[in-house]
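Here's a friendly walk through one protein model for anyone meeting it for the first time. Keep the sequence and the 3D view open while you read.

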Amino acid sequence: MQCPMDAAASGTSPVMQCHSIPDESTSHSSPLPTVLERSQRHCYGDGTPGEFPLAVSPSIVLHVLSACDLDPKDLAALEATCTLFSKPANFAPYFALSLPELASFDMCQKRTMFKLMTQEEKECLKQQCGGSWKHVLRYILVREKNVSRVIAGPGHSIVVTTSGDVYSFGANCSGQLGLGDSEDRFKPCLIRSLQGIRITQAAVGSRQTMLVSDTGRVYAFGKDSFRGAESVEAAHTNQITTPKVVESLKGVFVVQAVIGGYFSAVLSREGRVYTFSWGKSERLGHNSEPSDVEPRLLSELEDVPVAYISAGNCYLLMLAYQPNGMSVYSVGCGLGGKLGHGCKNNKGMPKLIEQFRSLSFNPVSIAAGTWHAAALGADGRVCTWGWGHTGCLGHGDEEYKAVPTVVEGLRNVKAVHLSTGEYTTFVVADNGDVYSCGSGESLNLAFQGDDEAEEEEGPDFSTPSIVESLKALNKKVAQVCPTNASYWLNSEMGHPHTFAVMESGELCAFGGGTRGQLGVKLLEGVEKVSVPMHVPIELS
């Protein structure tokens, strides 16, 4: 039987339309037993409905749990500490599920990637994630929290708004802006050919762009190759100036795409990783020729659901989901120790980075820089490893690290976001302060020191320092997105640049801007800017 509050809410709540408590009054001939039955069915605590009114209307509780977007950990805590939330809620068709489990399912159902799955596929994903809808929700949230909607590519930039629109600006020599021509743009331009398609994620590389839609399709434009900046035939490849569906991926529901220096990779909604190109000598889990651009499954991780991937110049990091904590796998070129296995050897097959377990470090985010890598722990600690040139690892020297090493200079900082570029690392603290270390040569450290002094002494910052130019804005920073590509391979695109995404949704940029990649046209003779500039676009 539905109470008046339930009936009033049912017209506006999709959750309540999906789950309704069956009216069992017709099965009783006596009014008194019927009343007692309802009380026992609706109130799972020790008190009476008058003492705990929410227990009388669990559909209202379910609506609140789902609408508030609670973290899966909070839902699990409710389930573990309160009888109301631990017992079966008796909602059709999942009568045995608790309220937190139903709320997790409903929040998963809000995502198009999940909604379009068959029930069998949903159940399979649930088992892969640990047998709980709370685990499935957490698996989905890992990627959502890691993916950036603002991408600073080598010479061009892509911005994806919360509504799924895409803006592009900067260098367009190969049609990488997707605007139907090859003219550079000095202000954000809407890609109108994508009207009616909701884009959720973007990846950029050398003269190329990939977009992922909420229905799992991948669109590519620019240089017609998945082989990155090092393609021998780069100068002779066809150019695609408007978004085109990647036909070879039509059988895969893609949720994320990345572009490295030598390869591209995509992640499916089931947590499987596919790589394109650079497969010779099994460098990316397969032994195909470099000219082969068909997606190849990393079968070694087929039974491990990967939640997020990150590409460096010649290697790939994968954040795998496990109910008791995340783990990180790496594959590709191991020079400089950037694979994190304690050596400089290449790995043709994905291998677990075991050092995190020794550090009692639970990774929740990863960033594969061009030549070095970083990871964020659940406790706010930061680890870095790989090439240490110009102090980009933040350990006070330029030595390489072959295993993840905690950055002691951030001991008193609780990090919530990190990103890496070419010999550059950014860390955002929970209070919005931004720390950076590495090379100012990349022009994306927001010029912590004096320009003339930097030119004379060398712009190296081997320990994390606050980026004062961002702090001076008096705005809380949520993310920092630097160019993550080799400047040597992309020098014709101008100096690297960086975006700072504010908590308010405002976007600022600094660094190189000769090709329009900052979203504004610089004055004649000006190649770079040291003070963050407002980009005329809102993310939300």
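Let's start with charge pairs: a search of the whole structure finds 18 salt bridges. A salt bridge here is a side-chain nitrogen of Lys or Arg within 4 Å of a carboxyl oxygen of Asp or Glu. The model is a predicted one, so local features need pLDDT of at least 70 and side-chain atom pairs count only at pLDDT 80 or more, while totals for chains, interfaces and linings use all residues. Residues are numbered from 1 along each chain as its sequence is written, and side-chain values use heavy atoms, with hydrogens and water left out.

**Charge pairs**

Side chains of opposite charge can pair when their charged atoms come close.

| Salt bridge | N to O distance |
|---|---|
| D379 and R381 | 2.8 Å |
| K475 and E506 | 2.6 Å |
| E503 and K476 | 3.8 Å |

What does the K475 and E506 pair tie together? K475 sits in the loop between α13 (468-471) and β25, and E506 in the loop between β26 and β27 (507-512), so the pair links parts that are 31 residues apart in sequence. Helices (H or I, at least four residues) and strands (E, at least two) are DSSP runs, numbered from the N terminus. K475 is partly exposed, at 36% relative accessible area, whereas E506 counts as buried at 13%. Those words have set limits: buried means under 20% relative accessible area, exposed over 50%, and partly exposed in between (1.4 Å probe, protein chains only).

E503 and K476 make use of those loops too: E503 lies between β26 and β27 and K476 between α13 and β25, so this pair ties together parts that are 27 residues apart in sequence. E503 is exposed, with a relative accessible area of 58%, and K476 is partly exposed at 37%. There's also a network, in which salt bridges that share partners join E79, E101 and K134.

Back to the D379 and R381 pair: D379 is partly exposed at 42% relative accessibility, and R381 is partly exposed as well, at 27%.

**The chain as a whole**

Now zoom out. The protein chain has 13 helices and 28 strands, and buried residues make up 58% of its 540 residues. Contact means heavy atoms within 4.5 Å. Of the contacts in the chain with a separation of 6 or more, 53% are between residues 24 or more positions apart.

Next, take a look at the second largest pocket, which holds about 560 Å³ of space. Of the 27 residues lining this pocket, E144, V147, R149, R198 and T200 are the closest to its centre. How are pockets found? On a 1 Å grid over the protein atoms alone, a cavity is a set of points where a 1.4 Å probe fits but cannot get out, and a pocket is an open set with protein on both sides within 12 Å along at least five of seven lines; lining residues have an atom within 4 Å of a point. Grid points are joined across faces, edges and corners, and a volume is the space filled by probe spheres set on the points.

Where does the second largest pocket lie? Domain 1 (58-139) and domain 2 (147-229 + 237-534) both give residues to its lining, so it lies between them. The domain bounds come from an automatic or database domain assignment. Among the elements that each supply at least two lining residues are α10 (133-146), β5 (199-205) and β26 (497-502). By class, the lining has 10 nonpolar, 10 polar and seven charged residues. Ala, Val, Leu, Ile, Met, Phe, Trp, Tyr, Cys and Pro count as nonpolar, Asp, Glu, Lys and Arg as charged, and the others, Gly among them, as polar.

**A few spots in the loops**

Most residues other than glycine have a negative phi, and most peptide bonds are trans. Y423 has a positive phi, near 55°; this residue is in the loop between β21 (415-420) and β22 (424-429) and is buried at 18% relative accessibility. N474 also has a positive phi near 55°, but N474 is exposed at 72% and lies in the loop between α13 and β25. The peptide bond from A92 to P93 is cis, with omega near 0°, and P93 is in the loop between α6 (83-86) and α7 (99-109).
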